[in-house]
Amino acid sequence: MTQYRLLFAGIAAAFLLATQPAQAQLSVDVTDESGDDLAIAVPALATPQTAQTAAGSTDALGRQIADIIVSDLRGSGLFRPIGPNAVRAIGYPEVTAPDFGYWPGTGAEALVQGFIRAEADGRLTIGCYLYDVALKQELTRQGFVLAPADWRRAAHKCADAIYARLSGESPFFDSRVAYIAESGPKNHRVKRLAIMDSDGANHRFLTNGQSVVLTPRFSPDYRQIVYLSYIDKRPRIYLYDVGTGKQRIITESANQTFAPRFSPDGRNILYSMAVGGNTDIYRVSVSGGQPVRLTNSPGIDVGGSYAPDGSRIVFESDRSGSQQVYVMNADGSNQRRISFGGGRYATPEWSPRGDLIAFTKIVGNFRIGVMTPDGQGERLLTNSWQDEAPTWSPNGRVIQFFRTSQGSGGKSSIWQVDLTGRNERRLPTPLDGSDPTWGPLLP
Amino acid sequence: MKFHSLKVAAVAVGLAFTAGCAKKPPKELPPAPSESGAQETPTGVEGAIVPGSQADFLRSVPSDKIYFDTDLSNIDDQDRAVLDAQAAWLQRYPNVQVTIEGHCDERGTREYNLALGDRRANAAKNYLQSRGINPARMAVISWGKERPEALGSDEGSWARNRRAVTVVPQ
């Protein structure tokens with residue numbers, strides 16, 4: 001559905017380009033591998049009057065918000081931002097009346113201007129505007145009234161509006177990531193559940209590291225995290241309530257349970273259970289009750305990831321003799337293998353757009369790749385010693401994963417890469433990191 | 001199915017295993033039981049090893065560990081010799097409960113390794129059960145690749161990490 005819309009938009013844009021080359025609208029293409037990024041100027045946000053707020057002065061915040069917009073846009077790999085250090089500051093009245101005589105001289109093709117104002121009730125009003133420098137036209141605008149503590153979200157929302165308007169894609173910057181923070185020696189890693197914004201800010205540890213914890217997944221509303229804990233040396237899946245900090249076991253079992261996943265509606269949890277050396281995939285309601293067994297092949301059936309409409313599940317199985325990727329209906333019927341590219345395939349994750357499956361491919365090294373849900377069009381996006389466990393951005397255009405370094409250090413770090421494979425970068429985390437899981441766009 | 005054919009192969013080369021079997025980690029193994037266990041674990045009032053203790057177990061068996069080939073969990077002749085000794089000791093102390101840990105090398109994905117570690121722990125458990133040990137005495141836990149014994153990223157280290165460990169409480 002989305003693909004069709006984009007296709008038509010693409011055709012329309014191509015037509016425009018052919019007939020009116022001089023007046024083409026600004027746009028960026030997420031599938032473009034040319035490296036020809038769009039130059040976009042982002043001066044510090046103006047403030048009508050410098051005021052102190054709970055998050056700092058409006059002056060300082062105006063610059064910090066511009067910096068975040070620059071960082072988000074640069075990280076997407078589609079833009080060449082020109083930040084507040086490289087362009088002149090703007091006055092408050094200029095925000096809605098850009099100096100179109102000045103900006104072409106900076107090389108900018110697009111321009112982001114905004115303002116920040118402290119309100120009498122202690123809140124902030126933040127607005128941002130996107131302009132086409134050549135056409136001297138406003139392209140989009142966004143405004144928010146929010147508590148000072150949420151100022152970073154306004155920056156991400158501005159960046160999202162700019163990204164969405166210029167790429168035609170859905171936004172994704174205003175979202176969060178849960179992951180496992182790691183420290184200590186390789187044979188005794190301390191692992192803690194942690195959360196952060198998609199750019200690494202607002203970092204918070206949720207568990208203290210006394211028990212090994214692995215493989216978190218956010219609930220669709222961000223209120224809960226399901227994960228594996230070795231508490232009491234009994235590896236089971238637990239549900240962590242982000243608001244209260246309390247955790248509870250999902251399903252009592254005499255056997256090890258692991259690899260938990262939420263269904264897209266947040267009502268069910270998919271998990272794997274090992275019984276006597278044989279692992280199968282089960283589904284249980286978040287509220288408890290009788291689990292339903294979905295696979296029963298001899299061998300290891302593990303993991304799983306729902307299609308965004310909840311109708312199908314992609315999972316991993318070694319029933320053929322080695323790890324491969326399979327798709328089944330949500331009730332476990334119609335299981336069929338989709339990976340046939342040679343080597344082993346693991347950790348499949350269905351894109352929130354529905355169009356692709358991300359996976360770890362093991363042929364000597366571990367690499368992150370994507371293919372369609374029927375196993376076609378395989379493309380490998382990374383090439384390192386050990387890249388593992390992809391997780392999708394909310395718009396299905398960027399993938400995070402973790403990279404383990406070779407040797408006795410056991411170092412791991414969280415990285416992201418876009419679908420061209422061209423834009424790869426490391427996320428800043430206070431400790432080592434693994435098992436990232438990217439949540440949906442915040443409302 | 002695959003396991004059967006491999007077992008046959010293992011039996012065929014069994015007689016030459018000390019020289020030719022590529023499966024086992026190289027010379028440094030099996031580690032001497034006294035390396036980590038005996039000195040650190042509780043001993044009697046005068047330093048004597050308490051019968052039925054972890055130290056007694058480590059002193060009495062050739063190894064508390066068996067090792068596996070990449071992505072496999074079959075028990076071969078070498079493993080049988082180790083597990084037979086473990087079973088004999090467990091027969092002598094019928095009240096001792098053990099935990100069998102399954103481990104993997106780092107060259108597998110995390111969740112698959114959790115499943116594979118469970119498979120390896122159960123391979124050891126099933127063999128011990130076949131030697132008359134009550135399965136209710138044997139808990140299993142898989143650590144996947146979370147607790148390597150050797151820290152290197154090389155074939156020798158990986159071979160040492162693909163293991164099932166029989167753990168007697170201290």
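A residue is called buried if 20 or more other C-beta atoms lie within 10 Å of its own, exposed if 12 or fewer, and partly exposed in between, with C-beta atoms placed from the backbone. The model is predicted, so local features require pLDDT of at least 70 and side-chain atom pairs pLDDT 80 or more, whereas totals for chains, interfaces and linings use all residues. Residues are numbered from 1 along each chain as its sequence is written, and chains are lettered from A.

**Exercise 1.** Describe helix α2 of chain A and state which of its residues are buried.

*Solution.* Step 1: helices are DSSP runs of H or I with at least four residues, and strands are runs of E with at least two, numbered from the N terminus. Step 2: α2(A) covers residues 58-75 and reaches 25 Å from its first C-alpha to its last, close to the 26 Å expected at 1.5 Å a residue. Step 3: the buried residues include A:Leu61, A:Ile65, A:Ile68, A:Ile69 and A:Leu73. Step 4: A:Gly77, with a positive phi near 80°, follows α2(A).

**Exercise 2.** Determine the strand order of the open sheet in chain A and identify its edges.

*Solution.* Step 1: two strands pair if DSSP finds at least two bridges between them. Step 2: the order is β4-β1-β5-β6-β7, with mixed pairing. Step 3: β4 (79-82) and β7 (137-146) of chain A each have a single partner strand, so one side of each lacks a neighbour in the sheet. Step 4: β5 (110-118) and β6 (124-132) of chain A are antiparallel over nine bridges; A:Ala110 is bridged to A:Asp132 of β6(A).

How values were computed:
The expected span of a helix is 1.5 Å times one less than its number of residues.
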